[in-house]
Amino acid sequence: MSKQLLLDLGERAGWTGAQAALGLVVVELADVPVWWAAPVALALSSAKGWVAGRLGRAGTASTLPATADPASHPWGV
């Protein structure tokens with residue numbers, strides 16, 4: 001596996017885990033039923049997309065800078 005692919009996989013897995021964990025923390029602190037964690041995680045995902053649109057390379061969903069984003073580098077055939 002290439003370093004760029006591993007970096008991309010790590011970023012995606014990290015964001016997914018962080019969103020799920022934050023969703024559970026929010027529902028625990030708010031003392032509401034745990035099923036609310038899914039809508040909270042979806043709202044966090046939307047917020048991540050907004051942040052990625054401003055920090056990452058245009059046209060990608062990455063929050064990585066363009067130099068580290070695998071989508072920023074063309075692949076050879």
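Biologist: How many helices and how many strands are there in the protein?

Modeller: Helices (H or I, at least four residues) and strands (E, at least two) are read as DSSP runs and numbered from the N terminus. The protein has two helices and zero strands. The model is predicted, so local features need pLDDT of at least 70 and side-chain atom pairs count only at pLDDT 80 or more, whereas totals for chains, interfaces and linings use all residues. Residues are numbered from 1 along each chain as its sequence is written, and side-chain values use heavy atoms, with hydrogens and water left out.

Biologist: What does the length of H1 show when set against the expected span?

Modeller: The expected span of a helix is 1.5 Å times one less than its number of residues. H1 comprises residues 3-30. With 28 residues, H1 reaches 40 Å from its first C-alpha to its last, close to the 40 Å expected at 1.5 Å a residue. For H2, residues 37-55, the end C-alpha atoms are 26 Å apart, which agrees with the 27 Å that its 19 residues should span.

Biologist: Which residues of H2 are buried, and where do they lie around the axis of H2?

Modeller: A residue is buried under 20% relative accessible area, exposed over 50%, and partly exposed in between (1.4 Å probe, protein chains only). In H2, the buried residues are Ala37, Val40, Ala41, Lys48 and Ala52. Viewed down the axis of H2, these buried residues fall within an arc of 120°, so they line one face of the helix; the arc is that of the directions from the helix axis to the C-beta atoms. An α-helix has 3.6 residues a turn, so residues three or four places apart point the same way. On the other side of H2, the exposed residues are Leu42, Ser46, Trp50, Gly53 and Arg54.

Biologist: What covers the buried residues of H2?

Modeller: The cover includes H1. A contact means heavy atoms within 4.5 Å. Asp8, Glu11, Gln19, Gly23 and Val27 are the buried residues of H1, and they pack against H2.

Biologist: Which residues does Gln19 contact, leaving aside neighbours within four places in sequence?

Modeller: Gln19, in helix H1, counts as buried because its relative accessible area is 14%. Its contacts, with those neighbours left aside, are Ala41, Leu44, Ser45 and Lys48. From the H2 side, Leu44 touches Gln19, Leu22 and Gly23, not counting residues up to four places away in sequence. Leu44 is partly exposed because its relative accessibility is 26%. The C-alpha atoms of Leu44 and Trp15 are separated by 9.6 Å, though the two are 29 residues apart along the chain.

Biologist: Which residues does Val40 touch under the same exclusion of residues up to four places away in sequence?

Modeller: Val40 belongs to helix H2 and touches Gly23, Val26 and Val27 under that exclusion. Val40 and Val27 are 13 residues apart in sequence and 8.2 Å apart in space, C-alpha to C-alpha. For the protein, among contacts between residues at least 6 apart in sequence, 31% join residues at least 24 apart.

Biologist: Where does Asp31 lie, and is Asp31 buried or exposed?

Modeller: Asp31 follows H1 and lies in the loop between H1 and H2. Asp31 counts as exposed because its relative accessibility is 70%. Although Asp31 is not a glycine, its phi is positive, about 55°.

Biologist: Which residues make a nonpolar surface patch?

Modeller: Patches are made of residues with over 30% relative accessible area and no salt bridge; like charges are joined within 9 Å, and nonpolar side chains (Val, Leu, Ile, Met, Phe, Trp, Tyr) within 5 Å. A salt bridge is a side-chain nitrogen of Lys or Arg within 4 Å of a carboxyl oxygen of Asp or Glu. Leu5, Leu6 and Leu9 make a nonpolar patch of about 250 Å². Leu6, in H1, counts as partly exposed at 47% relative accessibility.

Definitions and conventions
Areas by Shrake-Rupley, 256 points an atom, 1.4 Å probe, with all protein chains shown as cover.
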